[in-house]
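I opened this model to look up its fold, its core and a few local features. My entries follow in the order I made them.

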Amino acid sequence: MSLLSRLGAKLAGQWIAGVDEQAAIDVARKINSEKKGVILNYLGEGFRDESAVQKSVKIYLSLLREMHSKKIRGSIAVKPSQLGMLLGPGEFYKNYMNIAGHARGFGIFVWLDMEEWGSVQGSVDAYVKALGRLDNIGICLQAKLKRSYDDARRILRSRNGAIRIVKGAYFEPGSKSYPDRESVRKNYLRILEMAIKRTSRIMVATHDDYLIYKAVSAEKKYGKRIMFGMLKGIRGRLAGRLADSGEDMNVYVPFGEEWPKYSRRRLMEEGHALLLIRSIFQQ
């Protein structure tokens, strides 16, 4: 491994647990000891090879057994294209239901992550369909997408619907997304306000102080306790303060061999490079 690659791996270690399942479990146990839950994600996306899809399914099923065995407090997050979305909606749905069904047996929640614009409709459709059979599943919605408010309304028609609201890490067509930070924030809060009137099955996943403050205020206003989420290695002090104050704080913990691609996208996301640098020097 080159010096640059070694430096990159060390930097990525701020937000990646490691390359294997055991590393993820070890990090999860430490986070649990700090009164925080975890969201474990095996890295990988855009698979067009059946063998890669089935490898992901196998790793997730093994991870669920380990989480149950080690009494890890947390959930998992899966990506549609990791589970066969690009091979066809039927293949994806079969693998998604397989993992979510096993997770339900262990009492573990499963988040469906959101990817690029082209997969959003299929992801939402599959999730809504699955809600008719399972109650341990939630879906990520990106506030930068103009359609997300309507998606949230559709999802929350079901009493089992659950949403994790993020700003969004993917570059999307201008006509489909909000162009600037303030308009994304406004849509984020619009989704949150509508959702919290209907349910407490909401995760506010952001490092944005303003949005966190508004979410805590909404909890008090509506008398509900929702969830909060942040990435491993970013704003750890704030995550700790939220957990210590009694909030349901969860840390997103990715692991796997495909950490370079994930890391590049995270660093390109607005504000994340600066947040990472600040977090490193705060430790």
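How many helices and strands does the chain have? I count eleven helices and eight strands, taken as DSSP runs (H or I of at least four residues for helices, E of at least two for strands) numbered from the N terminus.

Ground rules. The model is predicted, so I note that local features need pLDDT of at least 70 and side-chain atom pairs pLDDT 80 or more, while totals for chains, interfaces and linings use all residues. Residues are numbered from 1 along each chain as its sequence is written, and side-chain values use heavy atoms, with hydrogens and water left out.

**Whole chain.** I find that buried residues make up 57% of the 283 in the chain. Buried means under 20% relative accessible area, exposed over 50%, and partly exposed in between, with a 1.4 Å probe and protein chains only. The accessible surface is about 13,000 Å², and carbon and sulfur atoms hold 54% of that; the method is Shrake-Rupley with a 1.4 Å probe, and for residues only the protein chains shown count as cover. Among contacts (heavy atoms within 4.5 Å) with a separation of 6 or more, 74% join residues 24 or more positions apart.

**Barrel.** I traced a closed barrel of eight strands in the order β1-β2-β3-β4-β5-β6-β7-β8, with parallel pairing. The twist averages 25° from one strand to the next. Two strands count as paired if DSSP finds at least two bridges between them. Axes are lines fitted to C-alpha atoms, for helices over the stretch in contact, and angles run from 0 to 180 degrees between N-to-C directions.

**Strand β1.** Is β1 buried or exposed? Six of its six residues are buried, so β1 is largely enclosed by the rest of the structure. Gly-37, Ile-39 and Asn-41 lie on one side and Val-38, Leu-40 and Tyr-42 on the other. Six bridges join β1 to the parallel strand β8, where Gly-37 stands opposite Asn-250. β1 also pairs in the parallel sense with β2 over three bridges, and Val-38 stands opposite Gly-74 there.

β3 and β4 run parallel and are joined by three bridges, with Val-110 opposite Ile-137. Helix α8 packs on the sheet, touching β6 and β7, and makes about 165° with β7. Helix α4 lies across β2, β3 and β4, at about 155° to β3. The buried residues of α5, including Val-120, Val-124 and Tyr-127, pack against α4, β3, β4 and α6.

**Core.** The largest nonpolar core has 89 residues. The term covers buried Ala, Val, Leu, Ile, Met, Phe, Trp, Tyr and Cys joined through side-chain atoms within 4.5 Å. Leu-40, Ile-76, Tyr-96, Tyr-127, Ile-137 and Ile-163 touch the most other members. Helix α7 gives the most to this core, with eight residues. I listed the neighbours of Tyr-96 beyond four places in sequence; among them are Val-78, Leu-112, Tyr-127 and Ile-137.

**Positive phi.** Lys-35 has a phi of about 70° although it is not a glycine, and sits in the loop between α2 and β1. Lys-71, with about 55°, is in the loop between α3 and β2. Lys-71 is exposed, at 71% relative accessible area.
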